[in-house]
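Here are my notes for you, written as numbered points. Have the model open while you read, and click along as we go.

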Amino acid sequence: WNVANAVPFGALVAAAVRGFTVALGVGRRYEGDVLGVEQWAWLEDQLRDSEAGVTIIVSSIQVLTSNPLVESWLHFPESQRRLLRLLLDTRPSHLLLLSGDVHHAEVAGRPALELTSSGMTHSCATSWWGALCPSILAAFPAHRARAGDVFTGYNFGTVEIAWGEERGARSGSPAVVRMVASARDVNGSKVLEAEVARDSSEALRYALRLMDELGAERSA
């Protein structure tokens, strides 16, 4: 099922969105940094010294999205690359990125690395442009393992962690058996679900390759 079929001429709308994005300069890259000097230093110290079995990083804006129509780390490529390389270098166990802001739910990463949950009171489906929302999301699927890993209704996110009996050699904390991130609808039913891998290296490498590909497209 393709979300571009959710509205008449959905595929045409999706193509037009990409064209207007380039023509009007929407989603252009900005100078500056997402984090300050002290914030970067603190984050690196936390990651390098961590013995945690689970690492959750919360960002108000999306980290991995390829959609230039929403505010995200995509607009700050140097910051995005620095963050991804730091995470790849430190390799925190069971890494999960949590984000919001965009008024839809989404699972990003190949394999899954980021859960976006937004929002409980507003969604793109209930806005004045709601009919176009599925086609806009369908126009930028590169950051998702499955194109349909989006939900445009009211939603909230949950993270479930199953702890084992064994304890880590260094930390002494219980080992993680399974970690699942989900987006749920107003009834609490799961509408999106992704198991979080212990090692995020594959997803981080893909995200860095995607950055290079998107940068090459914009330079062409």
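This is a predicted model: local features need pLDDT of at least 70, side-chain atom pairs count only at pLDDT 80 or more; totals for chains, interfaces and linings use all residues.

1. Residues are numbered from 1 along each chain as its sequence is written, and side-chain values use heavy atoms, with hydrogens and water left out.

2. Where does Ser118 sit? Look in the loop between strand S4 (114-116) and helix H4 (133-138). Helices (H or I, at least four residues) and strands (E, at least two) are DSSP runs, numbered from the N terminus.

3. What does Ser118 touch? Leaving out residues up to four places away in sequence, the list is Gly100, Asp101, Val102, His103, His104, Ala105 and Asn155, where a contact means heavy atoms within 4.5 Å. Zoom in on His103: its backbone nitrogen lies 2.8 Å from a polar atom of the Ser118 side chain.

4. Now step back to the whole chain. Of the 220 residues in the chain, 45% are buried. Among contacts between residues at least 6 apart in sequence, 67% join residues at least 24 apart.

5. Next, the open sheet. Its five strands come in the order S1-S2-S4-S3-S5, with mixed pairing; two strands pair if DSSP finds at least two bridges between them. Strand S1 (55-58) and strand S5 (150-151) are the edges, each pairing on one side only. Strand S3 (residues 105-108) runs antiparallel to S4, and three bridges join them. In that pair, Ala108 stands opposite Glu114 of S4.

6. Strands S7 (residues 174-184) and S8 (residues 190-195) are antiparallel and share five bridges, with Ala181 partnered by Ala194 in S8. Five residues lie between the two strands, and Gly188 in this hairpin takes a positive phi near 85 degrees.

7. How many cavities of 30 Å³ or more turn up in the whole structure? The search finds two. A cavity is a set of points on a 1 Å grid over the protein atoms alone where a 1.4 Å probe fits but cannot get out, and lining residues have an atom within 4 Å of a point. Grid points are joined across faces, edges and corners, and a volume is the space filled by probe spheres set on the points.

8. The largest cavity has a volume of about 90 Å³. It has 14 lining residues, and the closest to its centre are Leu64, Thr65, His143, Ala207 and Leu210. Helix H5 gives the most to this lining, with six residues. The lining splits into nine nonpolar, four polar and one charged; here Ala, Val, Leu, Ile, Met, Phe, Trp, Tyr, Cys and Pro count as nonpolar, Asp, Glu, Lys and Arg as charged, and the others, Gly among them, as polar.

9. The second largest cavity has a volume of about 30 Å³.

Notes: A polar contact is a pair of N or O atoms within 3.5 Å; within protein, one must be able to donate a hydrogen and the other to accept it, and residues adjacent in sequence count only if both atoms are side-chain atoms. On a 1 Å grid over the protein atoms alone, a cavity is a set of points where a 1.4 Å probe fits but cannot get out, and a pocket is an open set with protein on both sides within 12 Å along at least five of seven lines; lining residues have an atom within 4 Å of a point. Buried means under 20% relative accessible area, exposed over 50%, partly exposed in between (1.4 Å probe, protein chains only).
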